[in-house]
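Good morning, and thank you for coming. I shall speak for a few minutes about one structure, and I ask you to keep it in view as I go.

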Amino acid sequence: MITHLYRYPVKGLSPETLGSMPLAAGEGLPGDRVFAIARKPGHFDPDAPAAEPKTKFLMLMRDEALASLNTRLEGNRLIVERNGNIVLDVNIDGETSDIEEFFSDYLGDETLAPRLVSAAGHKFTDISVVSPEKMRAVSLINLNSVRALEEAIGQAVDPLRFRGNIYFSGLPAWSEFDWMEKDIHIGHAKAKVVMRTRRCAATQVNPSTAQRDLDIPKLIKQHFGHMDMGVYAEIIADGDAENGDTIGLSIASS
């Protein structure tokens with residue numbers, strides 16, 4: 001059963017909680033990772049968009065302080081809060097220098113010259129460099145796999161460390177890996193599972209404290225012999241997904 005739905009309008013920043021999400025064949029989740037903050041000018045060309053390594057953008061793997069910010073898009077306004085106070089409220093369709101100045105000051109990194117970037121039809125997903133199709137994949141997290149990790153290490157693990165789009169429960173831990181190259185249903189949408197999600201240092205960051213307090217990739221490797229948590233799926237038939245909907249293998253794939 002689907003328990004939580006999220007999208008991340010700006011790569012590296014906090015998620016928006018959704019009650020339902022439209023999933024479109026070949027497109028994935030609208031509004032997910034459609035903006036990014038390039039570390040310097042020239043790291044992304046909106047007139048000739050191409051997949052770039054995530055190291056060219058602000059991201060939790062390097063910039064853990066981002067986890068202390070709560071961000072959301074309301075229409076064309078980017079709103080950033082810290083400790084319950086709004087610290088930035090700006091129109092993303094207009095002059096973006098306020099956004100860029102804020103992140104430069106907030107991160108205190110003199111090597112940065114941030115630029116808010118986007119391009120029609122482009123998504124700044126971590127696996128955009130693999131293929132245009134995978135750029136539009138959605139990420140799925142099995143909460144029982146997270147619980148298996150918690151039991152193995154004897155500590156709580158916030159599932160939001162894994163920055164998934166769709167979280168689900170009710171299926172055995174790691175059973176999502178059995179879905180590789182198979183068709184599944186996600187609520188009323190159909191998808192094909194195409195890739196396991198190998199975890200990086202971004203998952204070391206506690207989303208509540210912005211501290212690096214658990215070496216998640218190392219711990220998964222130590223206890224389970226791999227460094228994966230979750231899978232990516234490409235949407236192959238349109239449909240909506242809602243909290244409470246079922247998720248799993250399609251009959252033809254079971």
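Let me begin with a term. A polar contact is a pair of N or O atoms within 3.5 Å; within protein, one of the two must be able to donate a hydrogen and the other to accept it. Please also bear in mind that this is a predicted model.

With that term in hand, consider lysine 11. This residue sits in the loop between strand 1 and strand 2. Is lysine 11 buried or exposed? Its relative accessible area is 6%, and the cut-off for a buried residue is under 20%, so lysine 11 counts as buried. Its side chain makes a polar contact of 2.6 Å with the side chain of aspartate 126. If we set aside neighbours within four places in sequence, the residues in contact with lysine 11 include Arg33, Phe35, Lys54, Phe57 and Phe124, as well as Asp126 itself.

I now turn to the sheet. Strands of a sheet pair through backbone hydrogen bonds, either parallel or antiparallel. Here, 8 strands form an open sheet with mixed pairing, and their order is 2-1-10-9-13-12-11-15. Strand 2, residues 16–18, and strand 15, residues 247–249, stand at the edges; each has a single partner strand, so one side of each has no neighbour in the sheet. From one strand to the next, the twist averages 35°.

Let us look within that order at strand 9, residues 138–142. Why can we call strand 9 largely enclosed by the rest of the structure? The reason is that 5 of its 5 residues are buried. Both of its faces are covered: Val138, Leu140 and Asn142 lie on one side, with Ser139 and Ile141 on the other.

Strand 9 has strand 13, residues 228–237, as an antiparallel partner, joined to it by 3 bridges. In that pairing, leucine 140 has valine 231 as its bridge partner.

Isoleucine 141 stands opposite tyrosine 167 of strand 10. Helix 3 lies across strands 1, 9, 10 and 13, and runs at about 50° to strand 9.

Thank you for your attention.

Definitions and conventions. Residues are numbered from 1 along each chain as its sequence is written. This is a predicted model: local features need pLDDT of at least 70, side-chain atom pairs count only at pLDDT 80 or more; totals for chains, interfaces and linings use all residues. Side-chain values use heavy atoms; hydrogens and water are left out. Buried means under 20% relative accessible area, exposed over 50%, partly exposed in between (1.4 Å probe, protein chains only). Helices (H or I, at least four residues) and strands (E, at least two) are DSSP runs, numbered from the N terminus. Two strands pair if DSSP finds at least two bridges between them. Axes are lines fitted to C-alpha atoms, for helices over the stretch in contact, and angles run from 0 to 180 degrees between N-to-C directions. Contact means heavy atoms within 4.5 Å.
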